[in-house]
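User: I have this structure open and would like to go through it slowly. Could you help me read it?

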Amino acid sequence: MQAVSSSFIDAVEAPIRRITYGLRISFDKTYNDATTFFTLDSSLLDGPDVLSPSESNPIQQWYFYKYLDFTDRVVSMEWTRELDFPDSVISAMADVAVDNYDDYFTPGSSSPISSYILPKRPMRLLSGINGTNLPQFVGITEKIPVVDDKAKTAAFHAIDFLSEMFKMPMNKTIAMQDARTDEVLAAIFTQFGLDEDQYNLPVCRNVIPFVFYEKGQLAGDVIRRLMQAEMGSLWLDEAGIIQLDPRVSATLDPVWTFDESNVVEIKTNGDDHIINTVKIYAELRKVQEFQTISSKASTDTTLFVVAAGQSREYEAELQDPALSAVTPTFGAGSGPSWFTAALPDGTPITTGLSVTAHELRTNTYVFTIQNSNAFDVNIDQFGLWGQPAKVVDKIEYTEVDQDSIDKYGEQVLEIDNTFIQSTDQCDSLAFMILDQFAEYANEVEMTVKGNPALQLGDIVTLDVRSYAGTYKITKILDRLADGGYTQTITARHTDVRRWFVLDQSLLDGPDVLTV
């Protein structure tokens, strides 16, 4: 739950309360007056000036934008957060309808913002009680608004900045060795220009011996696999900060109670998430010592001709992905990695060739050879020196809860993830998954007297009708419309575990040990 004062809690619980809210949008994406950008040779390193965001990267430093207040035009606002299992990633989206009686939000109109009514406009939503508004959503519009000429409204759909990042390709290849989940995520966020104060990444449990992701891969594909292996939670919070809970984080005590006084409707959703068999597959790779990872011998008659005065990319095939590779230099033995050239008749060439660019990819190493000679040359030999990550073992892991299988039949979850690199990791993941999902647990959906401070993952107590016990919030849908505020919560019955934490938990105490 968001940190709030006791007076705010009193206002939430009061029988009569005034619902307040706010809508902010930055259509022109100008920066607030307090922002100063870094200027080479005049700004201090590690000083207060910030790097100017790229127009092609709308997620970078969103909080420096100047937002206009459109609260008085709100017709309706709806925002939702939901956990994506088993990827352990939380996504959020919002839908907002605004009064468009004067065509202010109509593209191509005479509106002063007409030229700025474009996709990817930063948006912030707030809601609260009695004038104390809490942040609820920070994101970016996906498209231009849908204009209803008859109703004179304009409707915006927005996704949070983390979801926007997931759709963007990685802008460079990165290979890492013995890296924790939080370290890999930090490297990814750095690629997208995020400052350290835009994310909170505590030390994670999963250590990956070899991490490789290639330029062009979607960030979402990489991050979801990382979080699946970590089995923590990753989300953009209501204030726009990326948060991460590791797999075994401090247990939260119930933060709120729902009873007859604040539950309007409640029903059972059923449960489609029984899992009593966990199967995990992965290849275990280990980074090797430097060695030749690709080569071409003089006996290979395949021609690779670089035209006079031109450059050409040479794509060397790799049997295994590599942590690093040494850039080739011209001449046999001129360096750990090298290449040679000859005329078509085999006469060796000794000058006029150099490597101008290089890139390590998953299965290839690409380097660009510049030929400054006045004649064509053939690249007849090369040797590439690097550190390959070879498959040293394979995981084919299965863990079951036989009691659950006997009751419900076999319900299988299969995970194929190269970021899982040990059987201990498999044991830990399987234990926690079976602990949560091997038995039937009521999932309820309830419309409640809303509390804007509640967050996804909060533990709440239910004592209403036939429902009792502790539940974990897995989805929150808030809606403001027609002068009213409704909050619909989906929550799953859970037995709260207090996981053993080194240097904090008591030996032989009640805390549950996992790997």
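Analyst: One term first, since it will come up again: two residues are in contact when heavy atoms of theirs lie within 4.5 Å. Leaving aside neighbours within four places in sequence, Ile174 is in contact with Ala187, Gln191, Val211, Phe212 and Tyr213. Please keep in mind throughout that this is a predicted model.

User: Okay, and where is Ile174 found?

Analyst: Ile174 is found in strand E9, which covers residues 174-180. Between Ile174 and Val211 there are 37 residues of separation in sequence, while their C-alpha atoms are 7.9 Å apart in space.

User: Is Ile174 buried or exposed?

Analyst: Ile174 has a relative accessible area of 14%, and because buried means under 20%, Ile174 counts as buried.

User: Let's zoom out. How many helices and strands does the protein chain have?

Analyst: The secondary structure of the protein chain comes to 6 helices and 31 strands. Of its 515 residues, 47% count as buried.

User: And what about contacts between residues at least 6 apart in sequence, what share of them join residues at least 24 apart?

Analyst: Among those contacts in the protein chain, 73% join residues that are at least 24 apart in sequence.

User: Now the helices. At what angle do H3 and H4 pack?

Analyst: Helix H3, residues 181-191, and helix H4, residues 219-230, pack at an angle of about 165°, and their axes are 10 Å apart. Angles over 145 degrees count as roughly antiparallel, and H3 and H4 are therefore roughly antiparallel to each other. The crossing in which H3 passes H4 is left-handed.

User: Which residues make that contact?

Analyst: On the H3 side they are Thr181, Val184, Leu185, Ile188 and Phe189, and on the H4 side they are Val222, Ile223, Leu226, Met227 and Glu230. Sorted by class, the contact of H3 with H4 has 8 nonpolar, 1 polar and 1 charged residues.

User: I also clicked on Gln228. Where is that, and what does its side chain make a polar contact with?

Analyst: Gln228 is found in helix H4, and its side chain makes a polar contact with the side chain of Asn417, at 2.9 Å. Gln228 is buried, with a relative accessible area of 12%.

User: Let's turn to loops. What does the side chain of Asp300 make a polar contact with?

Analyst: The side chain of Asp300 makes a polar contact with the side chain of Thr302, at 2.9 Å. Asp300 lies in the loop between strand E17 (291-296) and strand E18 (305-306), and its relative accessibility of 33% makes Asp300 count as partly exposed. Asp300 and Gln381 are 81 residues apart in sequence, and from C-alpha to C-alpha they are 8.2 Å apart in space.

User: Last one: what is phi for Lys120 and for Arg465?

Analyst: Phi of Lys120 is near 65°, which is a positive value in a residue other than glycine, and phi of Arg465, likewise positive in a residue other than glycine, is near 55°. Lys120 lies in the loop between strand E4 (89-99) and strand E5 (122-129), whereas Arg465 lies in the loop between strand E29 (459-464) and strand E30 (467-481). Lys120 counts as partly exposed at 32% relative accessibility, and Arg465 is partly exposed with a relative accessible area of 48%.

Methods
Residues numbered from 1 in each chain as written. Predicted model: local features only at pLDDT ≥ 70, side-chain atom pairs only at ≥ 80, totals over all residues. Heavy atoms only, no water. Helix = DSSP H or I, 4+ residues; strand = E, 2+ residues; numbered from the N terminus. Buried < 20%, exposed > 50% of the residue type's maximum accessible area, 1.4 Å probe, protein only. Polar contact = N/O pair within 3.5 Å; in protein donor to acceptor, adjacent residues only side chain to side chain. Axes fitted to C-alpha atoms, helices over the stretch in contact; angles between N-to-C directions. Parallel < 35°, antiparallel > 145°, perpendicular 65-115°, else oblique. Left-handed = near helix turned anticlockwise from the far one by under 90°. Nonpolar A, V, L, I, M, F, W, Y, C, P; charged D, E, K, R; others polar.
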